[in-house]
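Please look over the model shown below before reading on.

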Amino acid sequence: EEARDEIAKLQHYFPLWDENPQDADALTNIRRSFHTLKGSGRMVGAQLIGEFAWAIENMLNRVINKTLERTPDMLVLMRRSVAAVPE
């Protein structure tokens with residue numbers, strides 16, 4: 001149930017950030033969803049989703065902290081990641 005909620009949030013917030021790089025609220029919510037998926041996945045022994053979500057969370061933390069710039073390649077990765085999470 002928690003995963004479904006986070007997937008819905010990703011599907012809502014990612015298009016907002018995809019279209020508007022200045023939407024810090026959307027970016028924060030996307031990062032938070034990956035953080036939750038990381039923790040919940042690890043808690044139930046779903047290591048693959050936990051590590052996957054950690055990698056995306058880590059990248060987004062760097063974007064938020066301005067140590068990594070948003071790039072077209074990053075957006076391709078994010079689109080694929082958001083699409084892959086439900087699977």
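Phe52 is partly exposed, with a relative accessible area of 28%, where buried means under 20% relative accessible area, exposed over 50% and partly exposed in between, with a 1.4 Å probe and protein chains only. This is a predicted model, in which local features need pLDDT of at least 70, side-chain atom pairs count only at pLDDT 80 or more, and totals for chains, interfaces and linings use all residues. Residues are numbered from 1 along each chain as its sequence is written, and side-chain values use heavy atoms, with hydrogens and water left out.

**Aromatic pairs**

- A search of the whole structure finds two aromatic pairs, a pair being rings of Phe, Tyr or Trp (its six-membered ring) with centres within 6.5 Å, called stacked when the planes are under 30 degrees apart, edge-to-face when over 60 and tilted for the rest.
- Phe14 and Trp17 form an edge-to-face pair, at 6.4 Å centre to centre and with 65 degrees between the planes.
- Both Phe14 and Trp17 lie in helix α1, three residues apart, about one turn of the helix; helices here are DSSP runs (H or I, at least four residues), strands are likewise runs (E, at least two), and the numbering starts from the N terminus.
- Phe14 is buried at a relative accessible area of 5%, and Trp17 is buried at 1%.
- The rings of Phe34 and Phe52 have centres 6.4 Å apart and planes at 70 degrees, so this pair is edge-to-face.
- Distant parts of the chain are linked by this pair, since Phe34 belongs to helix α2 and Phe52 to helix α3 (residues 47-64), 18 residues apart.
- Phe34 is buried, with a relative accessible area of 0%.

**Packing of α1 with α2**

- Helix α1 (residues 2-19) packs with helix α2 (residues 24-43) at an angle of about 155 degrees, with their axes 8 Å apart; axes are lines fitted to C-alpha atoms, for helices over the stretch in contact, and angles run from 0 to 180 degrees between N-to-C directions.
- That angle makes α1 roughly antiparallel to α2, given that angles under 35 degrees count as roughly parallel, over 145 as roughly antiparallel, 65 to 115 as roughly perpendicular and the rest as oblique.
- On the α1 side the contact (heavy atoms within 4.5 Å) includes Leu10, Phe14 and Trp17, and on the α2 side it includes Ile30, Phe34 and Leu37.
- By class, the contact of α1 with α2 has 11 nonpolar, four polar and four charged residues, where Ala, Val, Leu, Ile, Met, Phe, Trp, Tyr, Cys and Pro count as nonpolar, Asp, Glu, Lys and Arg as charged, and the others, Gly among them, as polar.

- Leu10, Gln11, Phe14, Trp17 and Asp18 of α1 meet Met74, Leu75, Met78, Arg79 and Val82 of α4, a contact with seven nonpolar, one polar and two charged residues.
- α2 and α3 pack at an angle of about 150 degrees, with their axes 8 Å apart, which makes α2 roughly antiparallel to α3.
- The contact of α2 with α3 has 12 nonpolar, six polar and five charged residues.

**Leu77**

- Leu77 is placed in helix α4 (residues 72-84) and counts as partly exposed at 38% relative accessibility.
- Leaving aside neighbours within four places in sequence, Leu77 is in contact with Ile56 and Met59.
- Leu77 and Ile56 are 21 residues apart in sequence and 9.1 Å apart in space, C-alpha to C-alpha.
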